[in-house]
Amino acid sequence: MNENRPNTDEVYYPSQEVIAQARVKDWDALAKKAHADLQGFWAAEAEELEWYRKWNKVLDDSQKPFYKWFAGAQCNIIHNALDRHQKTWRRNKLSLVWVGEKGDVRTYSYYALNRDVCKFANVLKAMGVRKGDRVTIYMPRVPEIVIAMLAAAKIGAIHNVVYGGFSVEALQQRIEDSESKVVVTADGGFMNGKIVELKKTVDDAVKRSPSVETVIVVQRTAHEVRMEPGRDYWYHDLMKLPLAQATCATEVMDSHEPLFVLYTSGTTGKPKGLIHGHGGYMTGVYSTLKYVFDIKDEDRYWCAADPGWITGHSYIVYGPLLLGATTFMYEGSPTYPYPNRWWNLVEKYGISILYTAPTAIRGLMRFGESWPNRHDLSTLRLLGSVGEPINPEAWKWYYRVIGKGRCPIMDTWWQTETGMFMITPTPVVPLKPGSGTRPFFGQQAEILDEQGKPVADGEEGFLVLTRPWPAMAMTIYRDPERYVKQYWSQYPGKYMAGDSAKRDKDGYFWVIGRTDDVIKVSGYRLGTAEIESVLVAHPAVAEAAVIGLPHEVKGNAIHCYCLLRGGHKPSPELEQELKDHVAKQLGPIVRPEKVTIVDSLPKTRSGKIMRRVLKARAQGLPEGDVSTLEE
């Protein structure tokens with residue numbers, strides 16, 4: 001536990017070389033300017049992009065908390081990510097370098113990527129997809145996932161990307177809630193030398209999804225899959241048809257019209273579909289990536305997340321393309337076939353910026369320094385961390401062993417809901433291991449107690465954001481009341497992040513973890529209610545409580561406590577069966593670390609399970625106030 005207690009006096013200063021290269025050399029001056037004139041700052045950032053029609057108001061806050069950024073403007077994120085680059089030298093620049101787990105390589109110039117996006121946009125149109133329709137994308141990390149997202153956005157459709165590790169039930173729930181007409185998938189993907197059966201999962205999910213008319217399948221693994229006549233089509237066959245023209249008009253969208261829906265686990269069993277729009281999201285993502293990773297034309301930028309998460313949307317797909325950058329994407333895992341896979345790729349492709357999760361860093365740390373030390377990592381100039389708080393030991397290893405003490409670490413705090421970095425350094429900001437430093441230009445954060453009063457520096461409290469920002473989620477799909485209740489009702493006028501945090505005497509923020517019933521495992525948000533519902537659906541389980549406990553690699557691991565129904569006896573076999581049951585229902589990333597069968601669960605008198613008491617007991621910590629526990 002002490003390892004995560006910040007030593008706020010340990011500071012790493014940027015070198016003169018880093019400062020000389022940086023786009024913004026005086027952080028304080030820009031921060032002051034943006035703070036004094038929030039709308040002026042964002043208007044200037046938006047001016048760097050192209051709009052079909054300019055806004056008549058930078059921020060319309062007449063219907064708080066449903067903020068509208070760049071009200072009255074018309075745009076499409078694809079115009080800025082692809083169309084405008086066709087008119088410059090960038091059309092021949094590499095937009096995407098992709099490497100498969102088996103070592104196969106594909107590269108796309110901005111010209112080639114635009115051509116394939118236009119072709120697939122015409123395919124989607126031929127399948128009846130119109131502006132406002134939802135398209136679910138369930139894919140491995142292959143170039144076609146990027147093409148499918150961009151093609152949907154180009155014609156004004158709303159993409160709903162579901163991470164390829166999710167189960168049948170999770171996929172079906174997201175298809176059903178979004179009422180998708182089309183699903184884009186692949187026969188499978190490669191991970192750790194094995195085939196991930198994506199098409200089979202889609203077949204099972206679509207059986208229960210009456211809205212789906214068409215399934216488009218990318219051939220990746222070439223193993224045999226079932227293709228249903230009249231519903232299923234091969235991507236490569238469709239892309240050869242005359243209808244797949246290499247030109248396609250980009251749909252003109254109002255600034256606040258939806259670009260995508262992305263589902264995130266909630267404190268209740270039902271995932272929340274967060275809606276992000278074109279204009280504000282585009283501006284926020286463009287600006288944050290530009291300043292934080294200071295991207296230059298010569299960079300090779302690698303965000304090692306999956307496009308199925310918000311990190312992938314904002315900082316694999318849209319952000320780099322808006323900046324005209326070259327983005328790198330790798331299909332497989334960091335340790336297959338050997339723990340030097342990533343370091344080999346950094347060396348071979350001259351990666352200059354690496355942005356990944358603490359889970360991956362901790363996982364690679366376990367193999368020691370000899371694996372990275374075999375490789376020339378001198379092309380790296382910046383590192384990044386995302387998804388969960390990074391413990392100081394992992395931060396220092398990353399800085400020293402991977403960055404060789406030269407590369408500042410951009411430790412970014414943000415969420416699916418925020419769409420863009422919210423608390424983050426830029427390369428010139430002095431760093432403290434484990435702290436995301438300070439809010440991004442123009443933003444403000446506070447740490448409050450339960451009554452909504454600011455806590456003293458160094459004290460833990462609830463993290464809230466007090467000013468709107470362009471890339472903020474506009475609402476929850478078909479459930480605006482839930483959006484208000486979830487994020488804006490606890491402290492009226494302030495956004496409730498759901499994380500606990502501290503601020504130190506220098507104004508640096510230290511995010512500690514989730515305060516609600518959401519567990520972060522390997523950077524993925526998993527709702528305890530969802531896991532508990534699956535456990536209780538098992539014939540042996542009467543009641544279940546799920547908690548996250550610290551894990552040296554995953555950050556947190558899932559621990560389940562189960563009360564059995566009459567007629568069932570505890571056994572190691574039953575515990576294993578329950579682990580397998582959860583993994584089968586929700587996907588392998590949700591497999592519990594441990595299942596404990598208990599005689600009772602700590603509850604309040606009103607019947608609410610006290611998960612914090614379970615957590616304290618499991619770690620041998622004080623249980624705190626237990627006055628509300630039933631006898």
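How many disulfides does a search of the whole structure find? The search returns zero disulfides, a disulfide being a pair of cysteine sulfur atoms within 2.5 Å. The structure is a predicted model, in which local features need pLDDT of at least 70 and side-chain atom pairs count only at pLDDT 80 or more, while totals for chains, interfaces and linings use all residues. Residues are numbered from 1 along each chain as its sequence is written, and side-chain values use heavy atoms, with hydrogens and water left out.

The pLDDT, which is the predictor's confidence in each residue on a scale from 0 to 100, averages 92 for the protein, and 95% of the residues score at least 70. Over residues 1-6 the pLDDT is below 50, and this stretch has seven contacts in the model beyond near neighbours in sequence (contact: heavy atoms within 4.5 Å). Where pLDDT is low, the predicted coordinates should not be read in detail.

Turning to helix 13, residues 358-365, seven of its eight residues are buried (helices are DSSP runs of H or I with at least four residues, strands runs of E with at least two, both numbered from the N terminus). The buried residues are P358, T359, A360, I361, R362, G363 and L364. Their cover includes helix 12 (341-349), helix 15 (392-402) and strand 18 (353-356), along with strands 19 (382-385), 28 (541-551) and 29 (555-564).

Notes
Buried means under 20% relative accessible area, exposed over 50%, partly exposed in between (1.4 Å probe, protein chains only).
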